[in-house]
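Hi there,

Here is the structure I promised to hand over. Please open it, and then read on for what turned up in it.

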Amino acid sequence: MTIRVMMTAVIAPADQQAFEAAYLQVTEKVRGTPGHLRDVLLRDSADPTQYCLLAEWESEEVFHAWADDPGHIKQSAAMYPFWASTFRRRIYEVRETLDSYGAAVPGTEEA
């Protein structure tokens, strides 16, 4: 079952440019990882210190295999200093995906 991993953190204004650059470094290293589908970096429009990294994975098992692998530390190291004090991670199962017209998006239906 496809999952979304949501990681949130508070990033000080002075660190935001460096944080976003670190995100780009990490995504280049993660690209092509088996089971990893995509990442999206979000910043709260009302409070720009609030960031959310939304990652999509083929399954919780492949995500945990990657997250528990020591190589994950090397791949993600550039972001660790920014996540240090306010990091929070949640994993969500994708139950349904709809397009803007209310129709199910082909290939996203879950059993």
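The largest pocket has a volume of about 280 Å³. On a 1 Å grid over the protein atoms alone, a pocket is an open set of points with protein on both sides within 12 Å along at least five of seven lines, and lining residues have an atom within 4 Å of a point; a volume is the space filled by probe spheres set on the points. The lining holds 17 residues, and Met 7, Leu 53, Trp 66, His 72 and Ser 76 are the closest to the centre. Strand E3 (50-57) is one of the elements that supply at least two lining residues each, and E3 gives the most, with three.

This is a predicted model, where local features need pLDDT of at least 70, side-chain atom pairs count only at pLDDT 80 or more, and totals for chains, interfaces and linings use all residues. Residues are numbered from 1 along each chain as its sequence is written, and side-chain values use heavy atoms, leaving out hydrogens and water.

Now the rings: there are five aromatic pairs (ring centres within 6.5 Å; planes under 30 degrees apart are stacked, over 60 edge-to-face, the rest tilted). Phe 19 and Phe 82 pair edge-to-face, at 5.7 Å centre to centre with 75° between the planes. Because Phe 19 lies in helix H1 and Phe 82 in helix H4, this pair ties together parts 63 residues apart in sequence. Phe 19 is buried, with a relative accessible area of 0% (buried means under 20%, with a 1.4 Å probe and protein chains only). Ring pairs also link Phe 19, Tyr 51 and Phe 82 into a cluster.

Best wishes

Methods. On a 1 Å grid over the protein atoms alone, a cavity is a set of points where a 1.4 Å probe fits but cannot get out, and a pocket is an open set with protein on both sides within 12 Å along at least five of seven lines; lining residues have an atom within 4 Å of a point. Helices (H or I, at least four residues) and strands (E, at least two) are DSSP runs, numbered from the N terminus. Rings of Phe, Tyr and Trp (its six-membered ring) pair if their centres lie within 6.5 Å; planes under 30 degrees apart count as stacked, over 60 as edge-to-face and the rest as tilted. Buried means under 20% relative accessible area, exposed over 50%, partly exposed in between (1.4 Å probe, protein chains only).
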